[in-house]
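Visitor: I would like to go through a protein model with you, one topic at a time. Could you show it to me, please?
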Amino acid sequence: GFFVKHKRLKFNNTLEDEKKVSLFLSQKKIKQLIILHPGGKFVAETYKKGEIPPHLWNLKNYAEVADYFINKNYTVLITGSKDEAILAEEIIKYSQSKKDIISCCGIFSLRELGALLRKCSLLIATDTSIIHIAYQVETKIVELFGPSCLEVCGAWPLDDPRHQFVIDKGPCYRSMRKEKCPEGIACLENISAKEVIEKGESLLS
């Protein structure tokens, strides 16, 4: 067989996907955007029950990060499914810059999300599916880790200069745990907003 030094996955979307995204950004008058993706469906469902979800960074921290980049003239979009809208609502509630954060939960399909990621300056997310779309369209990424293994779930390739990782080496570090925390320990609590902002700035500079 052939030896391939660098393998690259490629995410494809259609011209219609790109048109929908461009129209959305034009209507909202968005020029520079940063995407926050706080969690997946199970995370949102667990949060709604008042339980501690896995892989959920403190939503107040997301709001602090959003406020920082809004002050740098970015518009912040929060993505997710309709089921994840509760996470976006909470981030907006905690933000000091509510009018400059837009929830896109339930608006875009996965292919359209790929087209949106091509337009954004930076993605900040935990290790969920959007990461694997983002690195295929060469988006700059700050990825937050706790229970997951970087080598398994990290934005690929791990040594790409567009990818930055922030890791909480707490009690569930590298456990790959995906269920609610039975011990009542908040996930990713050792990751500060300051760390994430610094990683983001390093990619944007």
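Guide: Here is a point to start from: helices α3 and α4 cross in a right-handed manner. Please keep in mind that this is a predicted model.

Visitor: Which residues make the contact between the two helices?
Guide: From α3 come Leu59, Lys60, Tyr62 and Ala63, and from α4 come Leu87, Glu90, Ile91 and Tyr94.

Visitor: How many of those are nonpolar, polar or charged?
Guide: In the contact of α3 with α4, six residues are nonpolar, two are charged and none is polar.

Visitor: At what angle do the axes cross?
Guide: The axes of α3, which spans residues 59-70, and α4, which spans residues 85-94, cross at roughly 60 degrees and come within 8 Å. Angles from 65 to 115 degrees count as roughly perpendicular and those under 35 degrees as roughly parallel, so α3 is described as oblique to α4.

Visitor: Let us change topic. How many aromatic pairs are there?
Guide: The structure contains five aromatic pairs. One of them joins Phe24 and Phe108, with 5.2 Å from centre to centre and 80 degrees between the planes, which is an edge-to-face arrangement.

Visitor: Where do Phe24 and Phe108 lie?
Guide: Phe24 belongs to helix α1 (residues 15-27), while Phe108 is in the loop between β3 (101-103) and α5 (110-119). The pair therefore ties together parts that are 84 residues apart in sequence.

Visitor: Are they buried or exposed?
Guide: Phe24 and Phe108 are both buried.

Visitor: How are the rings of Tyr68 and Phe69 arranged?
Guide: Their centres are 5.0 Å apart and their planes stand at 90 degrees, so this pair is edge-to-face. Tyr68 and Phe69 also form one aromatic cluster with Tyr74.

Visitor: And is Phe69 buried or exposed?
Guide: Phe69 is buried, because its relative accessibility is 1% and the limit for buried is under 20%. Tyr68, at 27% relative accessible area, is partly exposed.

Visitor: Now α5, please. Which of its residues are buried?
Guide: The buried residues of α5 are Glu112, Leu113, Gly114, Ala115, Leu116 and Leu117.

Visitor: What covers them?
Guide: The cover over the buried residues of α5 includes helices α1 and α6 (129-134), together with strands β1 (33-37), β2 (75-78) and β4 (122-126).

Visitor: Where is Thr126?
Guide: Thr126 is located in strand β4. It is buried, with a relative accessible area of 2%.

Visitor: What does Thr126 touch?
Guide: Apart from neighbours within four places in sequence, Thr126 is in contact with His37, Pro38, His55, Tyr62, Ile131, Glu143, Leu144 and Leu188. Tyr62 is also one of the α3 residues in the contact with α4.

Visitor: What about Ser97: where is it?
Guide: Ser97 sits in the loop between α4 and β3. With a relative accessible area of 12%, Ser97 is buried.

Visitor: What does Ser97 touch?
Guide: When residues up to four places away in sequence are not counted, Ser97 touches Asp67 and Ile70. The C-alpha atoms of Ser97 and Glu64 are 9.6 Å apart, and these two residues are separated by 33 residues in sequence.

Visitor: Finally, how many helices and strands does the chain have?
Guide: The protein chain has eight helices and six strands. Along the sequence their pattern reads α-β-α-α-β-α-β-α-β-α-β-α-β-α.

Visitor: And what share of the residues counts as buried?
Guide: Of the 205 residues in the protein chain, 51% are counted as buried. Among contacts in the protein chain with a separation of 6 or more, 70% come from residues 24 or more positions apart.

Notes: Residues numbered from 1 in each chain as written. Predicted model: local features only at pLDDT ≥ 70, side-chain atom pairs only at ≥ 80, totals over all residues. Heavy atoms only, no water. Phe/Tyr/Trp six-rings, centres within 6.5 Å; stacked < 30°, edge-to-face > 60°. Helix = DSSP H or I, 4+ residues; strand = E, 2+ residues; numbered from the N terminus. Buried < 20%, exposed > 50% of the residue type's maximum accessible area, 1.4 Å probe, protein only. Axes fitted to C-alpha atoms, helices over the stretch in contact; angles between N-to-C directions. Parallel < 35°, antiparallel > 145°, perpendicular 65-115°, else oblique. Left-handed = near helix turned anticlockwise from the far one by under 90°. Contact = heavy atoms within 4.5 Å. Nonpolar A, V, L, I, M, F, W, Y, C, P; charged D, E, K, R; others polar.
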